[in-house]
Amino acid sequence: MIEARSIIKRYAGTEKPAVDHLDLDVRDGEFLSIVGRSGSGKSTLLHILSSLIKADSGSIMFRGLDIRAASESRRNSLRGNDFAVVFQQHHLLPHLSALENVLLPFCNRLSPVNARQISAARNMLKRVGLEHKEDSRPGRLSGGEQQRVAIARALARGANVLFADEPTGSLDFATGTSIIDFLHELNKDGLTVVMVTHNDEFAQRSERVVRMADGMIVS
């Protein structure tokens, strides 16, 4: 599904690249975990693959499209429709309900949210087991519930790939386990999942594990 070749990314003021001549394939429908110590380049790689940032050189192909060479509008469209990203922090808007947070990807200045989009958002909340909390604001949800709402929001437009950057990093082990269980349920339904994690136990449940060090894949 994704083919990354000779990816290099260097940040200003650093001697070594954060990602250094890296090659990686992501297969359609797999659950891939990326692990490594802090500073190994794993989050940078995830952000490059998901088109959040651009590599300095190399190519990232997604179904025939070179993401690095694509226009900013095409990259935005890719993130809005094909790719979904969740982070360690859920970034929910505290003054909005769970349903309203999930509806955010549909919001724009040109047209109001319609009945089909509201139905899609409600279906996503049901899929994450929170249909009974659609009117609750984030402050009334547990940490695990907030992360589930964030996942529902990310997938509301029907993405093909979920990129998860330390999705359990701010959660206790039991709650984190429930989030990993849920990601595996989504994967069994056909969603491709690429996850960065510092937790080897969670990573070992994946179909494939990539370990990074110094911006390179070492195993």
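Analyst: A nonpolar core is here a set of buried Ala, Val, Leu, Ile, Met, Phe, Trp, Tyr and Cys residues joined through side-chain atoms within 4.5 Å. The model is predicted.

User: How many residues has the largest nonpolar core?

Analyst: V102, L125, V149, I151, L155 and L183 are the residues with the most contacts inside this core. At least two core residues each come from β6, α3, α4, α5, β7, α6 and β8. The size of the largest nonpolar core is 34 residues.

User: Which residues does V149 contact, leaving aside its neighbours within four places in sequence?

Analyst: Contact requires heavy atoms within 4.5 Å. With those neighbours set aside, the partners of V149 are L92, A98, N101, V102, L125, L130 and L141.

User: What are the edge strands of the open sheet?

Analyst: Six strands form this sheet with mixed pairing, in the order β6-β7-β8-β3-β9-β10. Within that order, β3 and β9 run parallel and are joined by five bridges. An edge strand pairs on one side only, which is the case for β6 and β10.

User: At about what angle does α5 run to β6?

Analyst: Helix α5 lies across two strands, β6 and β7. Its angle to β6 is about 160°.

User: Which residue takes a positive phi in the hairpin of β4 and β5?

Analyst: Strands β4 and β5 are antiparallel and share two bridges, with F62 opposite L65. Two residues lie between the strands, and the one with a positive phi, near 50°, is R63.

Key:
Residues are numbered from 1 along each chain as its sequence is written. This is a predicted model: local features need pLDDT of at least 70, side-chain atom pairs count only at pLDDT 80 or more; totals for chains, interfaces and linings use all residues. Side-chain values use heavy atoms; hydrogens and water are left out. Buried means under 20% relative accessible area, exposed over 50%, partly exposed in between (1.4 Å probe, protein chains only). Helices (H or I, at least four residues) and strands (E, at least two) are DSSP runs, numbered from the N terminus. Two strands pair if DSSP finds at least two bridges between them. Axes are lines fitted to C-alpha atoms, for helices over the stretch in contact, and angles run from 0 to 180 degrees between N-to-C directions.
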